[in-house]
Amino acid sequence: MARFELKLPKMGESVAEATITSWVKEVGDTIDIDDTVVEVATDKVDSEVPSEVEGTLVEILFDKDAVVQVGETIAIIETEGGEAVTAVATPKQETPKEVAQLEETVEAAKEMVSTTIDTSNSDRFYSPLVKSIAQTEGISLSELETISGTGKDGRVTKNDILSYIENRGSQPKPAAKPVVAAPAPVKEAPAKVSTPITMSGEDEIIEMTRMGKLISKHMVDSVQTSAHVQSFIEIDVTNIVKWRNKVKDAYLKREGEKLTFTPILMQAVAQTIKKFPLINISVDGDKIIKRGNINLGMAAALPDGNLIVPVIKNADQLNLVGMTKKVNDLANRARANQLKPDEIQGGTYTVTNVGSFGSVMGTPIINQPQVAILALGAIRKMPSVIETPEGDFIGIRSKMFVSHSYDHRVVNGALGGMFIKTFKEILESWDVNQDF
């Protein structure tokens with residue numbers, strides 16, 4: 001008989017706590033490995049916490065809506081077929097022999113934990129068995145991270161690591177990942193005294209949601225951290241509008257995906273970042289971290305009015321079809337609250353489409369720890385001066401405004417302005433006769 005402590009696992013980069021939203025299992029329930037025990041929510045995404053062992057749930061340590069720190073024990077599972085211990089059960093008096101056996105089991109468990117590989121710096125979850133096998137076989141954390149998992153959410157199973165070990169001799173060992181120092185803590189501003197608010201009998205008090213409170217705090221922190229500056233530019237997207245109208249039906253038939261303007265614009269953003277890599281950075285104290293990957297955050301509105309930012313990893317490596325599939329998939333699952341924690345992590349630059357609500361332009365707040373964010377305004381038909389060899393005339397063109405917010409601590413006006421000027425040139429040079 002042994003008691004296993006189910007802890008709140010690491011939920012992703014910069015996530016330190018989560019709120020318990022629902023207990024899927026109750027005290028006394030039988031649990032298998034990988035069964036979901038509890039559902040939790042962070043400021044970024046909702047997730048499930050699976051069991052690492054099989055046994056019986058004997059104790060729940062936090063109530064629904066409680067806020068739990070990463071690494072805290074949230075429940076106790078009795079393993080090895082022991083009888084469940086409930087609050088009303090009478091404790092069994094063990095014999096000296098049983099006590100000795102229990103002590104040996106506890107010591108063995110402690111020994112196993114002390115000799116397993118440390119995965120606290122990893123964003124992936126590894127079961128104690130997998131960690132023990134990795135330790136025994138001399139597999140480092142960096143090497144363990146390269147193993148593809150076939151379990152739930154890409155988790156590495158016992159069979160995955162054993163199969164890897166079997167074929168390990170023919171595989172080159174990966175280089176160790178560089179350790180990046182954690183950002184220096186930012187001193188909090190002194191608390192401000194709120195202005196008293198008078199209320200009448202007709203007023204209504206609405207409690208902010210958990211996510212709403214966290215978004216509010218993040219936005220205030222970002223404004224206090226970064227020196228926000230904006231640049232604006234107007235872009236003629238007539239050729240893109242004409243091309244999309246011409247190919248969208250054939251595109252849907254061939255690719256099975258609706259072609260919106262978003263993947264076209266996101267692809268152009270990725271191309272622009274490749275030309276200006278110093279916009280794809282973060283600030284760590286007095287150091288600049290130049291990001292090796294272009295991971296585009298795509299701000300998406302949720303049905304409850306809140307916002308979430310799924311991330312398109314390695315966006316510069318996707319063609320238009322790949323970008324369309326990724327954009328549509330992330331947007332659909334964001335609205336259905338089905339995103340995984342790692343799908344909202346690791347963004348290096350963010351794009352928000354304020355035009356989807358009819359706004360002509362906006363001045364968005366930077367998504368920390370990034371240094372810039374692009375706002376796409378609504379596409380509108382507008383009268384415009386058209387220059388031709390025969391002279392100038394007025395015509396109707398499809399145009400949009402783009403606003404670029406950037407951190408003036410590290411991005412000056414020249415870089416911020418050249419970035420959107422190049423973005424404009426890429427879009428306005430679109431070939432209306434090209435295939436897809």
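**A tour of the salt bridges**

Start by selecting Glu-428 and Lys-424, which both sit in helix H9 (residues 413-428). They are four residues apart, about one turn of the helix. Keep in mind that this is a predicted model. Now show the two side chains. Glu-428 and Lys-424 form a salt bridge, with their closest N and O atoms 2.9 Å apart. Check the surface next. Glu-428 is partly exposed, at 30% relative accessible area. Lys-424 is partly exposed too, at 21%.

Next, select Asp-329, Arg-333 and Glu-343. Salt bridges with shared partners join these three residues into one network.

Now move to Arg-397 and Asp-236. Their side chains meet in a salt bridge, 2.9 Å from N to O. Which strands do the two residues lie in? Color strand S19 (residues 391-407) to find Arg-397, and strand S9 (residues 228-236) to find Asp-236. The pair therefore ties together parts that are 161 residues apart in sequence. Is Asp-236 buried or exposed? Asp-236 counts as buried, because its relative accessibility is 17% and the cut-off for buried is under 20%. Arg-397, at 21%, is partly exposed.

Go on to Arg-254 and Glu-255. This pair forms a salt bridge as well, and the closest N and O atoms are 2.8 Å apart. Arg-254 is partly exposed, with a relative accessible area of 47%.

Finally, zoom out to the whole model. How many salt bridges does the count come to? The count comes to 15. Among them are the Glu-428 to Lys-424 pair within helix H9 and the Arg-397 to Asp-236 pair between strands S19 and S9.

Key:
Residues numbered from 1 in each chain as written. Predicted model: local features only at pLDDT ≥ 70, side-chain atom pairs only at ≥ 80, totals over all residues. Heavy atoms only, no water. Salt bridge = Lys/Arg side-chain N within 4 Å of Asp/Glu carboxyl O. Buried < 20%, exposed > 50% of the residue type's maximum accessible area, 1.4 Å probe, protein only.
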